Amino acid sequence: MAVEPLVRVQAGPIDLGAEIAALECDGAAGALVTFTGTCRDEGGRLEALELEHYPGMAESEIARFAAEAARRWDLLAVAAVHRYGRVAPGETIVFVACASVHRAAAFEAAHFLMDYMKTRAPFWKREHLKDGTVGGWVESKDTDDHAADRWRHVL
Amino acid sequence: MKLIYFAWVRERIGMAEEEVELPAGIETVSDLLHWLRGRGENYESALQAQDMIRVAIDKEHSDHSDAVAGAKEIALFPPMTGG
């Protein structure tokens, strides 16, 4: 039976050490792959990113793809945490972790989950600039769609 | 039916959500978008790039060709930029 994903959407900072410590693999895992997505300072001009989200759907979409990762790959643990609200440069926006017996499954599953979260989880970023102005909404990238599409052909 | 808007769709329309009674003949998401665009300049400004608008029916991703009958909540929003 596929492992139960740990999924959370939160306003506060993500404690990476605590998230990793919370993964229970009972010594069976030979590999743990983690990804952290961080807020860039955009060359020093960014004060913060503001992340709007769709409460309820944000959680259910991430859970859907975390469950899909656990179905496609033989995972011992899978976790995904995404922030909303205001995030300062250097802070973590998103955290993904996948554990497996051997490394290939954990690497691929983490990559798959991240690619889908970029394009299917209902979050929208807006820039707040150091000069006090509110910048535009961040535009989506075709490269993110292509990255997610690629997984349609895997397995 | 509850309509809910996010990001620049919300800003251009000027509200986060509203309750609407759909007139007869609105069968698909595409029909709904077309009807909304006729309700005022704010809607037209938000939804004129109609192909770009993403939609969720009762918190599940849906297509413009999907039926709206029976939906409790329809969300309209730009392409997502999380992660």
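How much of the accessible surface of chain A belongs to carbon and sulfur atoms?

1. That share is 52%, out of about 7800 Å² for chain A; areas come from the Shrake-Rupley method with a 1.4 Å probe, with only the protein chains shown counting as cover for residues. This is a predicted model, in which local features need pLDDT of at least 70, side-chain atom pairs count only at pLDDT 80 or more, and totals for chains, interfaces and linings use all residues. Side-chain values use heavy atoms, with hydrogens and water left out.

2. Chain A contains four helices and eight strands, in the order β-α-β-β-α-β-β-β-α-β-β-α from the N terminus. These are DSSP runs (helices: H or I, at least four residues; strands: E, at least two).

3. The C-alpha trace of chain A spans about 50 × 35 × 30 Å along its principal axes. Of the contacts in chain A with a separation of 6 or more, 78% join residues 24 or more positions apart (contact: heavy atoms within 4.5 Å).

4. Buried residues (under 20% relative accessible area, 1.4 Å probe, protein chains only) are 45% of the 155 in chain A.

Note on methods: Residues numbered from 1 in each chain as written. Chains lettered and ligands numbered in written order. Buried < 20%, exposed > 50% of the residue type's maximum accessible area, 1.4 Å probe, protein only.
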